[in-house]
Amino acid sequence: MANLLQKITGGLKAEKPIKLYGHGGGPNPWKVEVILRELGLPFDRQIMDFADLKKEPFESINPNGRVPAIEDPNTGMKLWESGAIIEYLLETYDSSNSLSYTSGAEKWEQKCWLHFQMSGQGPYFGQRAWFTLYHSEKNLTSCLDRYGNEIRRVISVIDAHLKSTGREYLVGDKCTYADLSFATWHWLLTSPPNIMGEGFAKEWEENYPLAWKWNERMQARAAVKEARDERTKVISGK
């Protein structure tokens, strides 16, 4: 029924709020929230306790027991993994293709960058955060250096791509989900907990200026600013 309605109307209307499961600190649920806000979709955010993720009823939604996950009452879909959720939201609700390209090389280039974000940026940033904030053994210089260097490498890849293509965004001539998938992880670098140190923003701007300007353009978007403000409230308990 959902596919038929899409063919008739050119896209579903989200009349009921989509439930988004997340938690305060992790960037991936906020990555999904940015897309929900960009598309103007109604949603209810449910902040989860870590203890509830590895048991029912949440494991029936995400067998991996992590966030984000969504339940969409408009279609009956339950989905997990941020990349899959983003692709679903776009294919289901973005009838105007405001955040994506649907044909040509750009369609596939977007996917390359999304997968790079999930296989490169997310894991390396996440491991740096783990060894900086949570690991029981402190001052593991080799681990911090390893993941710090990978963070720089990820940013340098983007900087070099923007330089070689002369673009303001990763794909084509507009901001797409490929760009936005990186935005929330950058919060860990430019504000507390500053996993690369408080001086890293200056290093980034000086050494990778095109990637810095690219990130600044994304951070200025209303959906990104709103999601960031909401995350601050959740973390502070306000």
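Here is what to look for along the way.

This is a predicted model, in which local features need pLDDT of at least 70, side-chain atom pairs count only at pLDDT 80 or more, and totals for chains, interfaces and linings use all residues. Residues are numbered from 1 along each chain as its sequence is written, and side-chain values use heavy atoms, with hydrogens and water left out.

Start with residues 103-238, which an unreviewed UniProt entry annotates as "domain: GST C-terminal"; such annotations may be inferred rather than shown by experiment. Over this stretch the chain is 74% helix and 0% strand (DSSP runs, H or I of at least four residues for helices and E of at least two for strands). Its end C-alpha atoms are 44 Å apart.

Now find helix α5 (residues 141-165) and helix α9 (residues 209-219), which pack at about 95° with axes 7 Å apart. The axes are lines fitted to C-alpha atoms over the stretch in contact, and angles run from 0 to 180 degrees between N-to-C directions. The two helices are therefore roughly perpendicular (65 to 115 degrees). I155, I158, D159, L162 and K163 of α5 meet P209, L210, A211 and W214 of α9 in this contact (heavy atoms within 4.5 Å).

Finally, turn to R228 in helix α10 (residues 222-236). Leaving aside residues up to four places away in sequence, R228 touches W187, T190, S191 and Q219. R228 and T184 are 44 residues apart in sequence, and their C-alpha atoms are 7.8 Å apart in space.

Terms used
Angles under 35 degrees count as roughly parallel, over 145 as roughly antiparallel, 65 to 115 as roughly perpendicular and the rest as oblique.
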